[in-house]
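I opened my notebook to look through this structure piece by piece. Here is what I looked up.

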Amino acid sequence: MAGTSNKEEQTLQQDKNEKIEGCIVFGQNIKNAREKQNITKQKLAESIGYDRNSLSKLERGEKNVQYKTAVRLAEALDVPFPKLFSRNYVDGRDRQAEKSLSMPEHFVQDDYLMVYIENIRFKYLSQSLTQQDLASDSGLTKALVNMILHKENKNPTIDTLYKMAKAAGGSLEEMFSRASERENIDKQYLPQDD
């Protein structure tokens, strides 16, 4: 597969019954949004040039997906890309966002991988971590982390990005959100001084 490392290819080919941690929430949110809009798996899969059986596995959290496919799914469902990684996104809507206007309601075209890279760098540098620390803590190779951070791998898997975000102490929703959106997410989840 072009643009993926051997380790990512192995992750893509995991046992069909094994849940992929970084894809569980994403897959459930894809399913929720699809069902809310009364879109069949077949229709959604065809709309992005994806296999229906792969979409079924993805919705169950049993299939890893590459970044560009994930963005196409968000666009096809007209859902803000970062929201597909929110644990609060239920029945096709974000329960936390209903309390504020922190995110757009529809898909907005953006270079989410660039936003992710900027946020990951900010997060790990603010903690005085190195790329080696990020690689070790995520269980990924330093070479893979370096390729992603230097934009040499433009289509990493969602599980790889999840592992990096988790190692840096953040969520995928946070890492895919611009600073202004991230501030609103922080306001929702962090204790406020009275």
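Which residues have the most contacts inside the largest nonpolar core? I found Y116 and I120 there, in a core of 47 residues. I kept in mind that this is a predicted model.

**Entry: confidence**

I checked pLDDT before going further. The mean for the protein is 81, and 73% of its residues reach 70 or more. Among the elements, helix α1 (residues 6–12) has the lowest mean pLDDT, 47. Helix α3 has the highest, 97. I noted that pLDDT is below 50 over residues 92–103, a stretch with 27 contacts in the model beyond near neighbours in sequence. Over residues 188–192 the pLDDT is also below 50, and that stretch has nine such contacts.

I went back to I120. I set aside its neighbours within four places in sequence. That left I120 in contact with L134, L149, M164, A165, A168 and M175.

**Entry: aromatic rings**

I counted eight aromatic pairs. One of them is F81 with Y112, a tilted pair at 5.0 Å centre to centre, with 40° between the planes. F81 lies in the loop between α5 and β1 (89–90) and Y112 in helix α6, so this pair ties together parts 31 residues apart in sequence. Are F81 and Y112 buried or exposed? Both are buried.

Next I looked at Y116 and F176. They also form a tilted pair, 5.3 Å centre to centre and 40° between the planes. Y116 lies in helix α6, while F176 lies in the loop between α10 (172–175) and α11 (179–189), so the pair ties together parts 60 residues apart in sequence. Y116 is buried, with a relative accessible area of 0%. F176 is buried too, at 0%. I then found that F26, Y67, F81, F85, Y112, Y116 and F176 form one aromatic cluster.

**Entry: helix α3**

I took helix α3 (residues 41–48) next. Its buried residues are L44, A45 and I48. They cover an arc of only 95° around the axis, which puts them on the same side of α3. What covers them? I found that the cover includes α2 (21–36), α4 (52–59) and α5 (67–77). The face turned away from the buried side carries the exposed residues K43 and E46. G49 follows α3 and has a positive phi, near 70°.

**Entry: helix α7**

I did the same for helix α7 (residues 131–138). Q131, L134, A135 and S138 are buried there. Their arc around the axis is only 100°, which puts them on the same side of α7. The buried residues of α7 pack against α6, α8 (142–149) and α9 (158–167). L134, one of these buried residues, is also among the contacts of I120. Just after α7, G139 takes a positive phi of about 80°.

**Entry: S126**

My last stop was S126, in helix α6 (residues 112–126). How does S126 count by accessibility? At 49% relative accessibility, S126 counts as partly exposed; over 50% would count as exposed. The side chain of S126 reaches the backbone oxygen of K123 at 2.9 Å. I also looked up S126 and A168: they are 42 residues apart in sequence, and their C-alpha atoms are 9.8 Å apart in space.

How values were computed:
Residues are numbered from 1 along each chain as its sequence is written. Side-chain values use heavy atoms; hydrogens and water are left out. Buried means under 20% relative accessible area, exposed over 50%, partly exposed in between (1.4 Å probe, protein chains only). Helices (H or I, at least four residues) and strands (E, at least two) are DSSP runs, numbered from the N terminus. The arc is that of the directions from the helix axis to the C-beta atoms. Contact means heavy atoms within 4.5 Å. A nonpolar core is a set of buried Ala, Val, Leu, Ile, Met, Phe, Trp, Tyr and Cys residues joined through side-chain atoms within 4.5 Å. A polar contact is a pair of N or O atoms within 3.5 Å; within protein, one must be able to donate a hydrogen and the other to accept it, and residues adjacent in sequence count only if both atoms are side-chain atoms. pLDDT is the predictor's confidence in each residue, from 0 to 100. Rings of Phe, Tyr and Trp (its six-membered ring) pair if their centres lie within 6.5 Å; planes under 30 degrees apart count as stacked, over 60 as edge-to-face and the rest as tilted.
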